[in-house]
Amino acid sequence: MKMKKTIVFVCCALLTACQGAKFPEGIEHVIVIGIDGMSSQGLIQAHTPCMDSLKHAGAYSYKVRCILPSVSSPNWHAMLSGAGPELTGVLDNSWRRGVYELPPVTLTDNGYFPGIFRIIRDRKPQAVTASFYNWGGFGDLLEKEVIDSCATFPSQLETAKHTAAYIRDKKPDFVFIQLDEIDGAGHESGHMSPGYLRKIEETDTHVRLIVDAVAQAGIAGSTLIMVVSDHGGIFYWHGGNAYEEVSTPIIFAGPGVRKDYSIRQQIYKYDVAADVAFALGLETPQAWVGRPTCTAYEGFGNGPAPTYGETEVLPPPMFYADPVAVPHGGLSVDKPAEVVIKKPVGVEGDIRYTLDGSMPTRTSALYDGTLRLEKSARVMAKLFGANCESPRVSAQYRVADSKAGNGLHYTFYTLPSDIREMPAFTTLKPVAEGICYELDFFAPGFSDLRTRYPQNMAVCFTGWIEIEKEGPYTFYIWTKGGSKLYIKSDMVLNNRRLGDSETKGEIYLEKGRHPLRLEYARKQHLHPEVQETINLEYEGEGMFRQKIPADRLFLNKN
């Protein structure tokens with residue numbers, strides 16, 4: 001009983017410290033520098049002398065957890081409002097004031113969930129506040145009626161320059177800046193690609209303009225600078241729940257902040273608003289769920305342990321592909337698949353893997369830097385530390401052998417400009433024919449047709465699929481056009497629309513080879529940068545959902 005009372009007392013003491021019984025001293029200004037799409041590994045691996053100097057002069061974490069979905073509006077709004085979408089109603093990037101698919105739990109007189117700008121205006125009426133942003137959608141999230149200055153700019157350099165000038169001139173109590181171009185680099189070049197890392201390095205020079213302006217304004221000794229990000233990314237996208245998408249960095253630098261301190265307290269996006277209020281000595285409203293990261297400051301304890309006495313979660317290992325922007329795994333024709341797995345920078349441990357779809361454990365095969373696959377396999381990997389481990393990651397490697405008869409025939413067609421739905425393929429005249437090894441526009445010998453014929457097009461794949469175990473199978477297809485899948489003489493999938501779609505269908509298959517035919521058609525893309533997509537997957541009893549392995553596709557029955 002005495003031990004229980006002691007634990008309760010300690011927990012209550014920590015909770016009281018973080019609930020506003022005591023605030024940091026010496027902070028009169030808060031500058032939040034929001035960087036869209038900057039992942040933790042991106043910040044770690046890029047050369048960022050300014051942000052590194054802030055980190056070494058302050059406290060930081062690489063494990064800030066996103067709001068889901070991991071897109072911009074819900075996460076920026078959580079940082080502004082101290083609450084997540086279940087309370088604010090900001091579910092995705094389509095949110096606009098007054099259009100509530102899910103109504104907020106409370107509203108100000110201007111129709112907004114009460115965020116940090118409103119709290120500052122109500123409790124410090126004379127405070128000077130501002131927000132400058134590169135992405136126009138950020139402005140939709142702001143209750144501009146209570147902010148002294150708001151403006152958007154076409155580039156993040158202009159955004160940073162205007163912010164710096166405003167800080168020098170006004171010495172504001174609070175500014176929230178949003179810089180957007182790293183997100184664009186992730187979509188264009190791929191996350192963790194050289195282009196993505198270069199954009200982070202360029203952004204660091206823009207952060208420097210703002211940090212220097214704080215010093216030039218003569219307020220560096222009383223200013224808290226925070227660097228935050230809304231989400232990370234993986235390959236060319238974000239919005240899902242992969243670790244790389246939902247884990248982001250945060251940096252605190254200013255009066256009373258610990259020096260070169262790795263924060264142990266778990267931080268969430270909606271904690272950022274509470275952090276601003278805490279630094280300015282303001283109580284937070286009851287509707288908020290965010291809690292301040294009080295352990296970033298001297299005199300507020302070391303904070304809770306990173307776990308509940310169980311297993312700490314490490315960043316996962318990374319499958320390496322060239323270029324790094326393409327999805328993990330890949331196709332190898334007439335040669336073994338080379339599997340390269342890397343540890344995240346700054347993380348120690350052993351990589352363990354399996355090839356049968358089972359979850360890796362501490363007794364699974366140890367990855368020693370070399371792994372060659374003679375047959376198609378799904379590689380599952382985890383990173384194990386002394387008392388910690390990562391989530392599992394997986395990659396599907398497909399191996400085709402032309403001498404064994406692997407492959408598919410394809411026939412390529414152009415379509416009339418007025419096409420609206422799937423054509424009758426028997427009426428079409430082919431412009432190209434050949435052999436490929438996957439139902440994929442990136443397959444060898446086929447990929448150049450995507451650029452050679454940019455107009456409306458269609459393609460028909462024919463061959464045989466080998467089934468190893470009799471039973472029911474479900475097929476899934478994601479395309480940017482219409483599609484029909486036939487196995488044997490049965491139509492398994494039928495999508496006549498020529499837009500983005502996912503369709504699934506079921507069929508019972510005996511062991512052995514069965515004829516397969518996939519028809520695909522699409523209208524010309526309005527945006528040339530849109531990538532062609534056919535993603536056909538299947539699953540069966542005891543078999544995980546996967547792309548059809550290349551060594552299960554054949555040109556002939558025998």
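Colleague: Among contacts in the chain between residues at least 6 apart in sequence, what percentage join residues at least 24 apart?
Modeller: This is a predicted model, where local features need pLDDT of at least 70, side-chain atom pairs count only at pLDDT 80 or more, and totals for chains, interfaces and linings use all residues. Residues are numbered from 1 along each chain as its sequence is written, and side-chain values use heavy atoms, with hydrogens and water left out. A contact means heavy atoms within 4.5 Å. Of the chain's contacts between residues at least 6 apart in sequence, the share that joins residues at least 24 apart is 72%.

Colleague: How many helices and strands are in the chain?
Modeller: Both are DSSP runs numbered from the N terminus: helices are H or I with at least four residues, strands are E with at least two. Counted this way, the chain has 13 helices and 30 strands.

Colleague: What percentage of the residues count as buried?
Modeller: Buried means under 20% relative accessible area, exposed over 50%, and partly exposed in between (1.4 Å probe, protein chains only). Of the chain's 558 residues, the buried share is 55%.

Colleague: How many salt bridges does a search of the whole structure find?
Modeller: Side chains of opposite charge can pair when their charged atoms come close. Here a salt bridge is a side-chain nitrogen of Lys or Arg within 4 Å of a carboxyl oxygen of Asp or Glu. Searching the whole structure gives a total of 19.

Colleague: Which residue forms a salt bridge with Arg97, and why does the pair tie together parts of the chain?
Modeller: In this pair, the closest N and O atoms are 2.8 Å apart. Arg97 sits in the loop between α5 (85-88) and α6 (116-123), and its partner in the loop between α7 (136-139) and β4 (149-152), so the pair ties together parts 48 residues apart in sequence. Arg97 is partly exposed, at 38% relative accessibility. At 44%, its partner is also partly exposed; that partner is Glu145.

Colleague: Asp148 forms a salt bridge with Arg121; which of the two is buried?
Modeller: Their closest N and O atoms are 3.1 Å apart. The pair links distant parts of the chain, 27 residues apart: Asp148 in the loop between α7 and β4, Arg121 in helix α6. Asp148 has 46% relative accessibility, so Asp148 counts as partly exposed. With a relative accessible area of 17%, the buried residue is Arg121.

Colleague: And where Lys382 and Glu389 meet in a salt bridge, which residue is partly exposed?
Modeller: Their side chains meet at 2.6 Å, N to O. Lys382 is buried, with a relative accessible area of 8%. At 24%, the partly exposed residue is Glu389.

Colleague: How many nonpolar, polar and charged residues are in the lining of the largest cavity?
Modeller: On a 1 Å grid over the protein atoms alone, a cavity is a set of points where a 1.4 Å probe fits but cannot get out, and lining residues have an atom within 4 Å of a point. The lining residues here include His77, Tyr112, Phe117, Arg118 and Glu143, and α4 (72-81) and α6 each supply at least two residues. Ala, Val, Leu, Ile, Met, Phe, Trp, Tyr, Cys and Pro count as nonpolar, Asp, Glu, Lys and Arg as charged, and the others, Gly among them, as polar. By class, the lining has 7 nonpolar, 3 polar and 2 charged.

Colleague: Which residues are linked with Arg118 in a network of salt bridges?
Modeller: Arg118 is one of the residues lining the largest cavity. In the salt-bridge network, Arg118 is linked with Asp109, Asp122 and Glu143.

Definitions and conventions:
1 Å grid on protein atoms, 1.4 Å probe; cavity = no way out; pocket = protein on both sides within 12 Å on 5 of 7 lines; lining within 4 Å.
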